[in-house]
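Please look over the sequence and the model shown here before reading the short report that follows.

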Amino acid sequence: ERGRRARPVLLKTDSPSSSTIHPTPILGSNGQQFGEAWGRFIGPAYLVSLTALQAFNPHLSRVECFQRLEYVITTYGVAGALTSSLKFLARRERPDGTDSFSFPSGHTTLAFATAEMTRQLYGNWWGGAAYGLAVITGIQRVQDQRHWLGDVVTAAVLSSTIARALAPGKTRAAKLDWGVSRLNPSQTLLVTFSWEIPFL
């Protein structure tokens, strides 16, 4: 069975769980089309546009507006690059057999990154709504046999974690420091380095 050729890091229940969802009409045709479109371009386009329009918000400074837009673009870039790298490393065949780039789900990555960034920037209410739309994307990817369940779950956890870790004000930047000293006047200079990496 194709699903059982997946890498060991995936859930053992992945294949049977996905096989149960595939024939189940959880989403209608309209729901499937929306889920695919939201994860592909509507979600990211909405968030980038909305954040860019914050430049006209009188309650935010130019620095804050730039920081928010930088956060959104950086998060999409990091999550997308990591997802693409994992696809090439894992080489997992899709349920429909079209190619070997199933793990993890790129659509789900974008959808859940959008959801967590929306929550960070605009509050829990809007974030909760965006998470609901992200779940629709995840269901659509499995129901259309484009991904196994493990592909979608991994993408959701990965992208949400990245979006939370990169959120403005949530983490401190890494700090590199150095110094020069002598143990006594007769010894050569001693150069010391320290690198502080914050715990996310």
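## Terms and basis

A residue is called buried under 20% relative accessible area, exposed over 50% and partly exposed in between, with a 1.4 Å probe and protein chains only. This is a predicted model, in which local features need pLDDT of at least 70 and side-chain atom pairs count only at pLDDT 80 or more, while totals for chains, interfaces and linings use all residues. Residues are numbered from 1 along each chain as its sequence is written, and side-chain values use heavy atoms, with hydrogens and water left out.

Rings of Phe, Tyr and Trp (its six-membered ring) pair if their centres lie within 6.5 Å, and planes under 30 degrees apart count as stacked, over 60 as edge-to-face and the rest as tilted. Five aromatic pairs are counted by this rule. F112 and Y131 form an edge-to-face pair, with 5.8 Å from centre to centre and 65° between the planes. Because F112 lies in helix α4 and Y131 in helix α5, the pair ties together parts that are 19 residues apart in sequence. Y131 is partly exposed, at a relative accessible area of 21%, whereas F112 is buried, at 11%.

## T118 in helix α4

T118 has its place in helix α4, residues 106-122 (helices are DSSP runs of H or I of at least four residues, numbered from the N terminus). T118 is buried, with a relative accessible area of 1%, and its side chain makes a polar contact (a pair of N or O atoms within 3.5 Å, one able to donate a hydrogen and the other to accept it) with the side chain of Y46, at 3.3 Å.

Note on methods
Helices (H or I, at least four residues) and strands (E, at least two) are DSSP runs, numbered from the N terminus.
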